[in-house]
Amino acid sequence: MNTKKTIVAIVVILAAAALMFILAMIIRGKSDTGTNNRQSESTHSSESTVNGGTPAVSDTSSSQSSTSSVISEPISASSSSSEFSQPKESSDVSASQWTETAADGERYVNTDGIYSRIYAIQDSDAVKQYSLNDKVTVVAKTDTDYFKLEDGTFIHSDYLSENEVIRWTESEASGEYYVNADNVYSRIGAIQGSDTVNQYGINDKVTVTAITDTDYFKLEDGTFIHSDYLSEEEIKIDLESNLPDYASTTANGYTIERICGITYVDGVMIANKTYTLPRDYDPGIQPDAYDAFWEMQSAAEADGISLYIVSGYRSYYDQDAIYARYVDSDGRDAADTYSSRPGHSDHQTGYTFDLNSLEQSFENTPEGIWLAENCARFGFIIRYPKGKDAYTGYMFEPWHVRYIGREKAEAVTASGLSLEEYYGITSDYALCTDE
Ligand SMILES: [Zn+2]
């Protein structure tokens, strides 16, 4: 046993010695031929002399990745037989690609979702993710424009700023406000699309502590709600269904009447930007519209055309959530061109279907062409025709059909007019007196 151990030890020592020798040869070969390397090496060593007294760059992790230590490592390695891993590290190309100079202080991450990296070069492995305005302590700067952090990782200087990023300014405001819609969220930032915190319902009372230049109110808990969704007065929930009945005639001489808060023109239920449906009007899909759809669907199928419903009935509250989401992503002005405010949606009538595809290119598909040519026979109209935005209040939607009965659908379609033009009514939030 003892002899075996001795033999093993000798073999190990010999192998180690051989390896040391080979490594020493390689290093020598490198420094003999690498004139350019030496050049940069000496440039760096003068730098590190300058910074020698700065404690910031002399921590352990910095000495490992700095160029000067990389060059000197093999020499010390040859004197210590146990550290075979050192030369391997020193041959790592990435670690020799930057030099560090002293830097210190606090910096703020100026954008969301950036990473610190193990090397001061692009695309090296990510270590930790940071968010906007996270505070970091900088210990060095590299000639590759990275800042080195306390933990030895690197972040590109583009992503660190000396000051916190201010995305809005706050001015004084105070008082009690009421949330004026359902499914309203408070957010961590006073900007569109920032993370949501608490959900509020209509007439929830909140205390405001400031207003921002981005039109958000700041609440006591430090979160923000857009000023569109807060009112000084409580909302009268039953206002819509309490609207008085009336009967009159439209600009084109058709009867217009409001019965229990629902407006009918020529007997056709109207929901557009001028005319609302009550919050609690919740009919589901109207049976006559549904029957008509299936009749149309069979006829289409016989022509080799496949029609299917993508979206049908939507309640006031469904629409409220959908519209709020669009406002959040695109802003209120843009959202108003393609999405309805709650109470104004044609889908709440229960007479409406979105078919097949919510893309304007649907117009030119065989299904879109068939639908435009044939839907009137089954009592449907293309509710928002092309080029009629000014009358309907919405952009062209070749997929959105509305059931008004065969006779009326054929008359409206034959006229080439939108429903609003045909009846002589408006669709304009500014003219809406129902809310
Ligand atoms: Zn639709």
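The legends below describe close-up views of a predicted model.

**Figure 1. Overview of the predicted protein chain.** The protein has 435 residues, of which 31% count as buried. Its secondary structure comprises twelve helices and 22 strands. Among contacts with a separation of 6 or more, 64% link residues 24 or more positions apart.

**Figure 2. Strand S12 and its two antiparallel partners, S11 and S13.** Strand S12 covers residues 216-219. Tyr216 and Lys218 point one way from the strand, Phe217 and Leu219 point the other way, and all of these residues are buried. Strand S11 (residues 205-212) pairs with S12 over three bridges, and Val208 stands opposite Leu219. The hairpin of S11 and S12 has three residues between the strands, and Asp215 takes a positive phi near 70° there. Strand S13 (residues 224-226) is also joined to S12 by three bridges, with Tyr216 and His226 as bridge partners. Four residues lie between the strands of the S12 and S13 hairpin, and Gly222 in this turn has a positive phi of about 85°.

**Figure 3. The open four-stranded sheet S15-S16-S17-S18.** The pairing in this sheet is antiparallel. Strand S15 (246-249) and strand S18 (268-270) stand at the edges; each has a single partner strand, so one side of each is left without a neighbour in the sheet. On average, neighbouring strands are turned by 25° against each other, direction ignored. Strand S16 (residues 255-259) and strand S17 (residues 262-265) are joined by four bridges. Ile256 has Val265 in S17 as its bridge partner.

**Figure 4. Helix H6 with its buried and exposed residues.** Helix H6 runs over residues 287-302, and at 1.5 Å a residue its 16 residues should span 22 Å; the end C-alpha atoms are 23 Å apart, which agrees. Ala289, Ala292, Phe293, Met296 and Ala300 are buried in H6. These residues cover an arc of only 105° around the axis, which puts them on the same side of H6. An α-helix has 3.6 residues a turn, so residues three or four places apart point the same way. Pro287, Trp294, Ser298, Glu301 and Ala302 are exposed on the face turned away from the buried side. Packing against the buried residues of H6 are strand S19 (309-311), strand S20 (352-355), helix H9 (366-374), strand S21 (380-382) and strand S22 (400-403). Gly304, which follows H6, has a positive phi near 80°.

**Figure 5. Helix H7 and the elements that cover its buried residues.** The 15 residues of H7 (residues 316-330) should span 21 Å at 1.5 Å a residue, and the end C-alpha atoms are 21 Å apart, which agrees. Tyr316, Gln319, Asp320, Tyr323, Ala324 and Val327 are the buried residues of H7. Strand S9 (184-187) and helix H8 (332-338) are included in what covers them. Just after H7, Gly331 has a positive phi of about 90°.

**Figure 6. Asn133 in the loop between strands S3 and S4.** The loop lies between strand S3 (126-130) and strand S4 (135-142). Asn133 counts as partly exposed because it has 16 C-beta neighbours inside 10 Å. Asn133 and Tyr108 are 25 residues apart in sequence, and their C-alpha atoms are 5.0 Å apart in space. Leaving aside neighbours within four places in sequence, Asn133 is in contact with Tyr108, Val109, Glu164 and Val165.

How values were computed. Residues numbered from 1 in each chain as written. Predicted model: local features only at pLDDT ≥ 70, side-chain atom pairs only at ≥ 80, totals over all residues. Pairing = 2+ DSSP bridges. Axes fitted to C-alpha atoms, helices over the stretch in contact; angles between N-to-C directions. Expected span 1.5 Å × (residues − 1). Buried ≥ 20, exposed ≤ 12 C-beta atoms within 10 Å, placed from the backbone. Arc of directions from axis to C-beta. Contact = placed C-beta atoms within 7 Å.
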